[in-house]
Amino acid sequence: MTDKTILKSKEETYYLKNKGIPKGCKYCLKGAKTVLFLNGICQNPSHCYWYCPISEERKNKKLTYANEIQITKKEQLLDEINKTHAKGMSITGGDPLFEPNLNETLSYIKYIKEKKGKKFHVHLYTNGLNFDESIAQKLKKAGLDEIRFNPPKDKWYVIELALNKGFSVGAEVPVIPSQEYIEHLEKFIYYLDKIGADFINLNEFEMCITNSDRLKEKGFKLKKGSIASVQNSTEFALELFNKIANKVSLKIHFCTIIAKDYWQLGKRYSRRAKSIKKAYEQITEDGLLLFAQIEDNGKNLEAFYKILLNVIKKPLKNIQFDNNLIKLPIKYIIQEYMIKLIHEHNLKAYIVEKTPFDDDIYMQITEKTPLKVFMEEKGLCND
């Protein structure tokens with residue numbers, strides 16, 4: 001990175017100095033966007049279908065998700081927005097503007113705008129294949145704030161139809177590390193700048209289970225030490241930045257995979273965790289929930305629970321006894337007298353880390369560490 005006009009954010013994204021980043025991106029990097037995955041139905045266009053990272057569980061299926069949660073009602077979307085304290089929503093797919101999806105997309109936008117107000121930011125992604133003046137007017141009436149296109153070259157012109165409709169207009173495309181594609185991308189950025197588009201958001205090229213075979217066939221490789229980043233995507237993006245930084249006026253933002261997986265998801269998890277956190281849980285830097293858990297295969301646990309209440313003398317909400325498990329704050333279980341009690345009753349104790357969901361369908365235990373190991377790792381054991 002040689003040009004001083006190119007800045008790197010703390011979230012490991014890149015943008016042009018004094019031009020900033022798209023509003024939708026600002027909310028995403030704060031974890032303040034709820035992602036409405038309308039469904040996996042689209043036209044399967046050749047220019048992007050081959051690298052599409054959508055999972056097999058969602059691809060070409062009429063299933064709707066609000067973040068990680070499958071929904072069937074608008075009220076469920078609103079509930080997830082409220083639980084994550086979201087300031088905006090992005091609509092993706094599939095293609096939300098594909099004819100079979102259009103009315104549903106418009107209905108969701110209108111509903112959320114009515115419930116959350118005009119300041120609640122809504123943006124959507126589209127390949128633009130069937131975008132026209134009529135759709136642009138309908139989106140304007142529904143209250144859309146921002147639209148992001150990824151069209152084939154013969155459909156670039158449809159982006160102009162979105163201009164001057166009251167919402168921000170731009171593009172979002174991956175940085176595919178091949179010279180031919182970068183030349184194509186450079187022309188696309190100049191075109192966007194010429195017509196007066198507001199921005200382009202560039203994404204680090206992603207390799208996943210769904211597209212890995214096709215990408216490998218074309219010679220793409222994973223970056224060393226990464227599980228999803230394609231080799232040289234970031235390098236090609238920064239070279240392009242340096243080449244055109246002083247030649248265009250639109251906003252250019254490059255979003256890395258670590259920004260999506262760590263910052264966007266982690267911040268959103270933190271917001272959700274604050275809404276559902278139990279009294280015995282604490283929130284980690286990654287937005288996960290951490291607590292202590294005591295287990296027993298026999299009948300010792302119920303007797304121990306009664307002793308525990310007398311010893312700790314804290315409100316019942318701080319200690320949960322359910323399904324043959326005792327859950328309590330970590331600060332209680334690491335006390336010397338507590339460790340002694342657990343040992344005397346021949347019980348097992350763990351420190352559990354989980355994703356911030358109550359429903360077992362979505363909740364995952366990310367770590368379950370024996371208490372002794374946890375204390376050794378934290379340097380809490382007595383010598």
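Which residues in helix 3 and helix 9 meet? From helix 3 come Glu80, Asn82 and Lys83, and from helix 9 come Arg271, Arg272, Ser275 and Ile276. The residues of this contact divide into one nonpolar, two polar and four charged. The model is predicted.

Now take the geometry of the pair. Two packed helices are described by the angle between their axes and the distance between the axes. Helix 3 spans residues 74-83 and helix 9 spans residues 257-276. Their axes come within 8 Å and cross at roughly 95 degrees. Angles of 65 to 115 degrees count as roughly perpendicular, so helix 3 is roughly perpendicular to helix 9.

Salt bridges come next. The count comes to 13. One of them links Glu68 to Arg268, with the closest N and O atoms 2.5 Å apart. Glu68 lies in the loop between strand 4 (64-66) and strand 5 (69-71), and Arg268 lies in helix 9, so the pair ties together parts that are 200 residues apart in sequence. Glu68 has 22% relative accessibility, so it counts as partly exposed. Arg268 is buried, because its relative accessible area is 11%.

A second bridge joins Glu133 and Lys165. Here the closest N and O atoms are 3.4 Å apart. Glu133 belongs to helix 5 (residues 133-142), and Lys165 to the loop between strand 8 (146-149) and strand 9 (168-175), so this pair ties together parts that are 32 residues apart in sequence. Glu133 is partly exposed, with a relative accessible area of 36%. Lys165 is buried, at 9% relative accessibility.

Strands 8 and 9 hold another bridge. Arg148 pairs with Glu172, and their closest N and O atoms are 2.6 Å apart. Arg148 sits in strand 8 and Glu172 in strand 9, so the pair ties together parts that are 24 residues apart in sequence. Arg148 is buried at 2% relative accessibility. Glu172 is buried as well, at 11%. Salt bridges that share partners join Glu146, Arg148 and Glu172 into one network.

Glu11 is a buried residue that has no salt bridge. Where is Glu11 found? Its place is the loop between strand 1 (6-8) and strand 2 (13-16). The nearest side chain of opposite charge is Lys10, 4.5 Å away. A salt bridge needs the nitrogen within 4 Å of the carboxyl oxygen. Leaving aside residues up to four places away in sequence, Glu11 touches Leu29, Thr256, Ala259 and Trp263.

Definitions and conventions:
Residues numbered from 1 in each chain as written. Predicted model: local features only at pLDDT ≥ 70, side-chain atom pairs only at ≥ 80, totals over all residues. Heavy atoms only, no water. Axes fitted to C-alpha atoms, helices over the stretch in contact; angles between N-to-C directions. Helix = DSSP H or I, 4+ residues; strand = E, 2+ residues; numbered from the N terminus. Parallel < 35°, antiparallel > 145°, perpendicular 65-115°, else oblique. Contact = heavy atoms within 4.5 Å. Nonpolar A, V, L, I, M, F, W, Y, C, P; charged D, E, K, R; others polar. Buried < 20%, exposed > 50% of the residue type's maximum accessible area, 1.4 Å probe, protein only. Lys, Arg positive; Asp, Glu negative; His and termini not counted.
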